[in-house]
Amino acid sequence: MGSGVAEKGGQTLAQRGESDPEKEGERKLNLVRGKKFEPFEVLCTDFTEIKYANGTRKAYLMAMLDPGSGWVAGWAVGKSADRELALRCWEVAKANLGGVWTLRA
């Protein structure tokens, strides 16, 4: 799933004018796509799975960036995409931001 290749004709879903339900769900989760932000207006995060050792091992990268400037406020790498990794990334970002930011719900 998610490859977007048709069973007949070899066309992708996009070429046929159809959307991929898996990708559609990802788009709904992206709250900043297509929006323009001023520098330091908002921070975005993402977990990225990195395979290494010939694909037999995994690491996870969490980055926190400012889409208005492209600046990476913080990042952390770990064995799991979990709360601990997210909090380590947040602590690095807070240190780099110098106490300027506060969390809002």
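Me: Hi! How exposed is Phe40, going by relative accessible area?

Reply: Phe40 is partly exposed, with a relative accessible area of 45%. Do keep in mind that this is a predicted model.

Me: Thanks. Where is Phe40 placed?

Reply: Phe40 lies in the loop between helix H1 (21-29) and strand S1. Its phi is near 65°, which is a positive value in a residue other than glycine.

Me: On to the strands, then. How do S1 and S2 pair, parallel or antiparallel?

Reply: They pair in the antiparallel sense over nine bridges, with S1 covering residues 44-52 and S2 covering residues 57-65.

Me: Which residue in S2 is the bridge partner of Thr48?

Reply: That would be Leu61.

Me: And how many residues sit between the strands of that hairpin?

Reply: There are four, and Ala53 in this hairpin takes a positive phi near 55°. Asn54 is also found in the loop between S1 and S2, and has a positive phi near 60°, again in a residue other than glycine.

Me: Is Asn54 buried or exposed?

Reply: Asn54 counts as exposed because its relative accessibility is 82%, and the cut-off for exposed is over 50%.

Me: What about Cys44 and Cys89, buried or exposed?

Reply: Cys44 counts as buried at 18% relative accessibility, since buried means under 20%. Cys89 is buried too, with a relative accessible area of 0%.

Notes:
Residues numbered from 1 in each chain as written. Predicted model: local features only at pLDDT ≥ 70, side-chain atom pairs only at ≥ 80, totals over all residues. Heavy atoms only, no water. Buried < 20%, exposed > 50% of the residue type's maximum accessible area, 1.4 Å probe, protein only. Pairing = 2+ DSSP bridges. Helix = DSSP H or I, 4+ residues; strand = E, 2+ residues; numbered from the N terminus.
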